[in-house]
Amino acid sequence: VGSLLQAGARDALQRHAKPIFDRLFRLAGIDVVHFHDAGMKSFLRVWEPQNFGQDLSIFRPMVVAANHDRQTQKGLELGIRGLSLRAVSPVLAADGQQLIGTVEVGVNLQALADLAKAASGSDFALVLDPRYLKATGTAATAGLVLDAATDKTLFDRIIANGDVRLSRDKMVFAYDVDKRSLTVQSKPLIDYSGNMIGVILTVSDVSALEAHYNRSFVTLGSLFVAGLLIVFSIIAAVVRPLRDLAEQVEAGSGTLLQSTPASGLSDYRRLHAAVVAAASGLVSTRGKD
């Protein structure tokens, strides 16, 4: 690669790199393999070999840093193809000193969004600030630009609703659509240079969760009512016998009551017997007097 890049052999480098690019694209979703010369101009886009010659130093700080520091740079960056997760590495001559150029690879964020949805069940989208698209030559509109999205129709509707805005703070809001209750989270999208170039949207359908909570609420309510009935029955079983005991004590001044205790509790039966005995003694004593 170094020899072909140094010799300016674009066609030969394309023949060498194209099979590698195809394999990386198939296995890992890599859709950018891009060679740059020592002057930081585009030398070969393997996926689009006829498009070259642009001065990347104007809008690609990652390429500038890799040239200057001669170390691999990694991060999110906008290019002519759009936003990608990229890595740029220096290409050195055989002596390890002379910089011949740089090479970068980038992964399609759409593939990453689809992978995240498969793993989590939520929908994802990257929404870009159109101001950062102008430098790349990408046509920009007056409003936010939807980039990668797992459900384009859904996110177009959410953006059109006006709740999505650029902010460095995390935001959460509700959105109802087609009888579904959605929770939308917005987080800042920061590029390699530290610029907030947009936001990351995550949408979760909480309808099923709400139904689950509703069912749980009904179940808990039923258990609460049943518990009240049980407690009431226990209280009633204790209060009524206590009333009977009060009557036994009160009967000590007159006629002794010998009713059978309503409760089957052994401790209560012992207490009942003791009270009856005490009341009987009180009646006998007063009879002698």
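**View 1. The hairpin of strand 8 and strand 9 has two residues between its strands, and Asp178 takes a positive phi near 50 degrees.** Strands here are DSSP runs of E with at least two residues, and helices are runs of H or I with at least four, both numbered from the N terminus. Strand 8 (residues 171-177) and strand 9 (residues 180-190) run antiparallel and are joined by seven bridges; strands count as paired if DSSP finds at least two bridges between them. Look for Val172, which stands opposite Gln185 in strand 9. This is a predicted model, where local features need pLDDT of at least 70, side-chain atom pairs count only at pLDDT 80 or more, and totals for chains, interfaces and linings use all residues. Residues are numbered from 1 along each chain as its sequence is written, and side-chain values use heavy atoms, leaving out hydrogens and water.

**View 2. Strand 9 also forms a hairpin with strand 10, with five residues between them.** Nine bridges pair strand 9 with strand 10 (residues 196-205) in the antiparallel sense. Val184 stands opposite Val203 in strand 10, and in the turn Gly194 has a positive phi of about 90 degrees.

**View 3. Strand 1 and strand 2 form a hairpin with four residues between them.** Three bridges join strand 1 (residues 30-37) to strand 2 (residues 42-45) in an antiparallel arrangement. His34 stands opposite Arg45 in strand 2, while Met40 in the turn has a positive phi of about 65 degrees.

**View 4. Asn67 is found in helix 3 (residues 61-69).** Its contacts (heavy atoms within 4.5 Å) include Met40 and Leu99.

Note on methods
Lists of a residue's contacts leave out its neighbours within four places in sequence.
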